[in-house]
Amino acid sequence: MALTLKSRCCVVIVLLLASFQSMADTAIDARHFEDPVMAERYRDLTASLRCPKCDAQAIDSSNSPVAADMRERVALMLHEGRADKEILDFMANRFGEFVLYNPRLDGRTWLLWALPAALVVGGGLVVIAFVQARRHRRVRPLSEEERTRLSSLIHRHRERSE
Amino acid sequence: MIRRLLLLLPFLVFVGLAFFLYRGLSLDPSARESALRGQAFPSFTLSTLEDPGAEVDESLLRGRMSLVNVWASWCPTCKEEMPQLLALSERGVQMVGINYKDARDLGRQFLEEFGKPFEVNIFDPAGDLGFELGVYGVPETFLVDANGIVRYKHVGYITPAQVDEVMAEVEKWH
């Protein structure tokens with residue numbers, strides 16, 4: 001099969017990109033868990049812990065040394081049989097609230113958690129108010145004069161269309 | 001009248017958003033609150049850089065206020081920080097070093113070359129104490145009061161202009 005120059009270039013570029021991607025993947029240490037549930041918990045935990053050194057990266061994808069230390073500690077604590085919450089609290093107690101991608105509910109973060117719910121409730125109330133207002137809008141009945149005019153108009157329209 | 005006022009609502013929402021976004025521009029994105037402030041310095045048992053046979057623990061930091069500096073020979077900004085640490089030690093602050101994830105000979109060599117502000121250096125080759133302290137960017141400096149409580153934390157190197165700032169904290173918690 002003869003490939004045009006353009007499509008050959010495309011293939012080369014795709015292969016190059018794919019190899020970069022696999023390089024990036026292997027840079028992060030792979031961990032092996034016998035228990036698939038524990039492996040899943042490890043994945044979730046390392047994805048929900050933010051690397052303190054980097055601004056917007058979870059520890060599962062960061063090459064920073066502190067992220068490696070944190071991954072190692074998460075794995076260790078999982079093997080020790082600690083609960084997810086215990087592990088998250090452990091990290092937050094050392095590196096600060098910053099590392100939790102799901103911040104805990106407290107005095108400073110209540111607005112963060114309450115605002116979406118408040119907006120949904122508020123929006124719902126506005127919709128209900130609208131619907132109620134429409135339903136109760138007074139419809140003024142036609143006067144006798146208007147009624148005769150309307151029927152004559154309809155009558156005329158019918159005659160013309162026949 | 002109320003309908004007229006309702007027309008102003010989008011504008012007010014805009015003003016509110018603009019205020020918060022404008023304020024966000026002047027916040028430091030790398031600033032973090034210290035998790036350890038107001039808490040006891042974590043317990044540890046390690047040797048010192050000076051003496052492999054020595055054994056020190058958190059009681060080292062009791063009885064006197066100390067400024068604990070986490071440093072390493074592989075950290076370039078630590079070299080730039082040394083003159084400020086020497087200045088602080090000359091002003092009478094007890095300095096304690098934590099030699100973090102380092103090798104003994106490299107650490108000693110570093111001190112020979114760049115100065116010795118520390119009364120003692122805790123040797124933490126595996127970074128275990130650093131982890132307990134939540135260290136993520138060497139150098140980091142912790143002010144520990146006479147009761148072993150962490151009072152202040154400085155992440156990154158102390159610039160010459162920040163020496164007075166650190167000194168003010170030292171006096172505040174004396």
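This is a predicted model: local features need pLDDT of at least 70, side-chain atom pairs count only at pLDDT 80 or more; totals for chains, interfaces and linings use all residues.

Visitor: Where is B:K101 found, and what is its phi?

Guide: B:K101 is in the loop between strand 4 (94-100) and helix 4 (104-114) of chain B. Its phi is near 45°, a positive value in a residue other than glycine.

Visitor: What makes strand 5 of chain B mostly covered?

Guide: Count its residues: 4 of the 5 are buried. Strand 5 of chain B is also joined to strand 4 of chain B by 5 bridges, and these two strands run parallel. One of the bridge pairs is B:Y100 with B:D124 in strand 5 of chain B.

Visitor: How do you know that strand 4 and strand 5 of chain B pair?

Guide: Pairing requires at least two bridges. There are 5 bridges between strand 4 and strand 5 of chain B, so by that cut-off they pair.

Visitor: What is the order of the strands in the open sheet of chain B?

Guide: The order of its 5 strands is 5-4-3-6-7, and the pairing is mixed. Strand 5 (120-124) and strand 7 (150-155) of chain B are called edge strands, as each pairs on one side only. On average, neighbouring strands of this sheet are turned by 20° against each other, direction ignored.

Visitor: How do strand 6 and strand 7 of chain B run?

Guide: They run antiparallel, with 5 bridges joining strand 6 (residues 140-144) of chain B to strand 7 of chain B. For B:V144, the bridge partner in strand 7 of chain B is B:V150.

Visitor: What makes the peptide bond from B:V138 to B:P139 stand apart as cis or trans?

Guide: Its omega is near 0°, and the bond is cis. B:P139 has its place in the loop between helix 5 (128-132) and strand 6 of chain B.

Visitor: Now for chain A. How many helices and strands are there?

Guide: Chain A has 6 helices and 0 strands. Of its 162 residues, 12% count as buried.

Visitor: How do you know whether the span of helix 2 of chain A agrees with its number of residues?

Guide: Helix 2 (residues 36-48) has 13 residues, and at 1.5 Å a residue it should span 18 Å. The end C-alpha atoms of helix 2 of chain A are 18 Å apart, so the two values agree.

Visitor: Which residues of helix 2 of chain A are buried?

Guide: They are A:Y42, A:L45 and A:T46.

Visitor: How many residues of chain A are in contact with chain B?

Guide: 13 residues of chain A are in contact with 11 residues of chain B. Helix 4 of chain A gives the most to this side of chain A, with 4 residues. The residues on this side of chain A divide into 5 nonpolar, 2 polar and 6 charged.

Definitions and conventions:
Residues are numbered from 1 along each chain as its sequence is written. Chains are lettered from A and ligands numbered from 1 in the order in which they are written. The expected span of a helix is 1.5 Å times one less than its number of residues. A residue is buried if 20 or more other C-beta atoms lie within 10 Å of its own, exposed if 12 or fewer, and partly exposed in between; C-beta atoms are placed from the backbone. Two residues are in contact if their C-beta atoms, placed from the backbone, lie within 7 Å. Ala, Val, Leu, Ile, Met, Phe, Trp, Tyr, Cys and Pro count as nonpolar, Asp, Glu, Lys and Arg as charged, and the others, Gly among them, as polar. Axes are lines fitted to C-alpha atoms, for helices over the stretch in contact, and angles run from 0 to 180 degrees between N-to-C directions.
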